[in-house]
Amino acid sequence: MNAYLKRRFFDQIAVMFGREARKPPAISPRAQEIHILKRATNKERLQEAMLAHENAKKVHTWRNRRWAVLIAANLLFTFSFWFDIQILEGALTASRFIGFHLIDLNSALQVMLAHKHIIVNLVIGTGTVFVLWLVLGGRSFCSWVCPYHLVAEWAEKIHLYLVKKKLVTDQNIDRRLRTLSWIVFAVLAAATGYTVFEAISPTGILSRALIYGPALALLWVLALLVFEVFFSRRAWCRYACPIGLTYGVVGIFSPVRIKYKLDSCFHEGDCRKVCLVPHVLDTVIKGRAVDTEIPIGPDCTRCGLCVDTCPTGSLTFDVKGLSKLL
Amino acid sequence: MSESKPPIAAQPPPSRERLQQARRRWLRTVLLTGGVMGAALSGFLPLVYARTKRLRPPGALDEKDFLASCIKCGQCVQVCPVQAIKLADLVDGIGVGVPYIDAREQACDFSCDAVQCILACPTGALVYKKPAFLGVRKGASLASAPILKAKEKDPEPTLNLKERIGVARLTRPEACLAIQGKGFKGQVRGASFKGRLRYMEVDRWKPIGISEHPYDVAECDLCVRECPVKGAISIETVFAPDGTKRKSPVVHEPCVGCGVCEMICPVEPTCIVIDAREVWNT
């Protein structure tokens, strides 16, 4: 990693905790060259971009794969209970995969803080899940497993339709709120000895509803969705959910990420329009990329919507080290 | 928020616009914070309601510790062969997703033989033995390991359970069939009752519906007959206030509070109930 990327690496961690994405103070000479070249050939490039756009088919490759994984994972929980096939017993907060403990990191943290006593099974389950998501990309938990992510994605479609009809506008909220809520719920758990976040976690509520049958707690999930449809796009995932931050921190060192290639990008910004966390894609803004190839930061959920959307293939899935090996 | 601008300000300085945007965003942030925190407050209700005691699964820590350590995954629900354990909902006021037992509907009859729910618990909210730093309430611990009637002939007849989850109590002696000297014939809770019980003479490993197992007893002793724990309850001859002798179910120290007596009692409403979280007072 060169000095520019190193600076960006730490910058992106700060952005995950809620700082606004901003212009980089220094850009590598190679990238600067491309930026200048792009400015010079602006018109041609734009025409090229329009053409590419027209020819581009709407693809949903990664979205479909992701939905399939998400639904399969959640159904595996459900069927394990319903048909007693005992493959994945429990709920998303804690479960056993063929007898092996898996425990959600945020729930585990809450219990540890509240109960102040850690048993072996808790350590095993938490450790396993930690390693799993360290390898698989941290917040990829959000987009590839979390059931709330899926229903929020559908609610987002309604929201975007209403925005197009000019019936609602997206009201953005300060992203530092998520860090604040993480701290508040951690402190509450430790101080009151009660895992209060678990009572309102839509991930837990939905997961349990899918497995053990619907409950009135779903009304809270519904309230969140209504808020997101009519007021603020993807508000829970973007501004409030401490689970996302926990997994985001785990994903800082994850080898699985989205890679951006400056060379082929037309800077149309379509990727930022579909992104749940557009601040991680600030680098695609004209003149912002600090290097020719840039790994996207830890707040990225690796959902692949940008990969599907990009007409030029400038955004791709990348496994650090693997591409070098091949 | 939209009434603020008079028409004179045709060219508002951009800085002011920005300022207002920032202020509005701040307000929205406060709104969402308030909403989330407000909802979170409702999560504390179980602590307030902790006084209304609910029967928790066997091996549950004391209520406050239990609420702290339960991760709300429902693995205890999944392993229970009679599905006695349910998860609480928003309105139950005892913790969203926290397990409890409604003994009248479906009691724990220990037909798993080994307290599977404790084995399944990943966080130690249900334990065989409490960690040293947690105290045991006086009268909560069982004098000796409870002997399961169903496996009395096994080499290891006891349950690995140190504390009781409650104590049975005869709440309506005036309605008790045993005290009245009456018998019982038929399905104890009606044909539509869903509760299940293990009947050793039917199948050791497969609990069946109580409605599939009608009774015909000359003198009702169902609470004693179906109690899974040895020596926890018996029919004794007692003296009534007027000096006459009569029979009555009497609860003894080995009672773990499983709730089978509450489920099986054929009288509506039940004559015998589990006082959840109650300790044994001599």
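**View 1. The two domains of chain A in the predicted model.** Chain A is split into domain 1, made of 3–56 + 257–325, and domain 2, made of 62–249; these bounds come from an automatic or database domain assignment. The model is predicted, with local features requiring pLDDT of at least 70 and side-chain atom pairs counting only at pLDDT 80 or more, while totals for chains, interfaces and linings use all residues. Residues are numbered from 1 along each chain as its sequence is written, and chains are lettered from A and ligands numbered from 1 in the order in which they are written.

**View 2. The contact between domain 1 and domain 2 of chain A.** Taken over C-alpha atoms, the centres of domain 1 and domain 2 of chain A are 28 Å apart. Domain 1 of chain A brings 16 residues to the contact and domain 2 of chain A brings 17 residues, where contact requires C-beta atoms, placed from the backbone, to lie within 7 Å. On the domain 1 side, helix H16 (residues 305–309) of chain A gives the most, with three residues. Helices (H or I, at least four residues) and strands (E, at least two) are DSSP runs, numbered from the N terminus. This side of domain 1 has nine nonpolar, three polar and four charged residues. Ala, Val, Leu, Ile, Met, Phe, Trp, Tyr, Cys and Pro count as nonpolar, Asp, Glu, Lys and Arg as charged, and the others, Gly among them, as polar.

**View 3. The open sheet S5-S4-S6 of chain A.** Three strands with antiparallel pairing make up this sheet; strands pair if DSSP finds at least two bridges between them. Strand S5 (293–295) and strand S6 (315–319) of chain A are the edge strands, each pairing on one side only. On average, neighbouring strands are turned by 35° against each other, direction ignored; axes are lines fitted to C-alpha atoms. Strand S4 (residues 256–261) of chain A joins S6(A) through five antiparallel bridges. Ile258(A) has Phe317(A) as its bridge partner in S6(A).

**View 4. The hairpin of S1(A) and S2(A).** Two residues lie between the strands of this hairpin. Strand S1 (residues 88–91) and strand S2 (residues 94–97) of chain A are paired in the antiparallel sense over four bridges. Opposite Glu89(A) is Arg96(A) in S2(A).

**View 5. The interface of chain B with chain A.** Here 36 residues of chain B contact 46 residues of chain A. Helix H1 (14–42), helix H3 (63–69) and helix H4 (75–79) of chain B each supply at least two residues of the chain B side. H1(B) gives the most, with nine residues. By class, the chain B side has 19 nonpolar, eleven polar and six charged residues.

Definitions and conventions
Axes are lines fitted to C-alpha atoms, for helices over the stretch in contact, and angles run from 0 to 180 degrees between N-to-C directions. Two residues are in contact if their C-beta atoms, placed from the backbone, lie within 7 Å.
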